[in-house]
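Colleague: Thanks for making time today. Could you bring up the model so that we can go through it together?

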Amino acid sequence: MSATMPGARAMNRTRAGLGAAHLAFPGLGGRLLLGGPFGDSARTVVRVLGARQIAQTAASWVRPTPAVLRLGAEVDALHCASMLVLAILSRRWRRPALASAAIAGMLARAGLAAAHDAAGFGGT
């Protein structure tokens, strides 16, 4: 079964693109947000985040039920919160953390909207 709701499809495409970019170009954020390269450990963290985005896309694509979409939104909200904490605690990582928090916050909101739409489509 594929995601049939327009909101879920758009969110999945966005998340898949983001995850693929994190996996393929893990140092890009460092150049764009820090003005210099990320170190090896930061690139590893970005790759892990990309893999999580791809896995989350797969889960919500295969089973776009309100419960799965809500769970994805909760994961995004937790990521957003953790990035806000990092932004408060670390001046060096503030810009990338705030960028990641903004993206995660938007994906969390999109996930909640997709879950609401899925419930209207007869999802459980």
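Predicted model: local features only at pLDDT ≥ 70, side-chain atom pairs only at ≥ 80, totals over all residues.

Colleague: Which helix holds Asp76?

Modeller: The protein chain has five helices and zero strands, and its elements run α-α-α-α-α from the N terminus on. One of these helices spans residues 66-89, and Asp76 has its place there. The element you want is helix 4.

Colleague: Is Asp76 buried or exposed?

Modeller: Buried means under 20% relative accessible area. Asp76 has a relative accessibility of 0%, so it counts as buried.

Colleague: Which residue's side chain makes a polar contact with the side chain of Asp76?

Modeller: Leaving out residues up to four places away in sequence, Asp76 touches Gln56, Ala104, Leu107 and Ala108, as well as Arg15 and Arg52. A polar contact needs a pair of N or O atoms within 3.5 Å. At 3.1 Å, the side chain that makes such a contact with that of Asp76 belongs to Arg52.

Colleague: What share of the protein chain's contacts with a separation of 6 or more comes from residues 24 or more positions apart?

Modeller: Contact means heavy atoms within 4.5 Å. Among the contacts with a separation of 6 or more, residues 24 or more positions apart account for 73%.

Terms used. Residues numbered from 1 in each chain as written. Heavy atoms only, no water. Helix = DSSP H or I, 4+ residues; strand = E, 2+ residues; numbered from the N terminus. Buried < 20%, exposed > 50% of the residue type's maximum accessible area, 1.4 Å probe, protein only. Polar contact = N/O pair within 3.5 Å; in protein donor to acceptor, adjacent residues only side chain to side chain.
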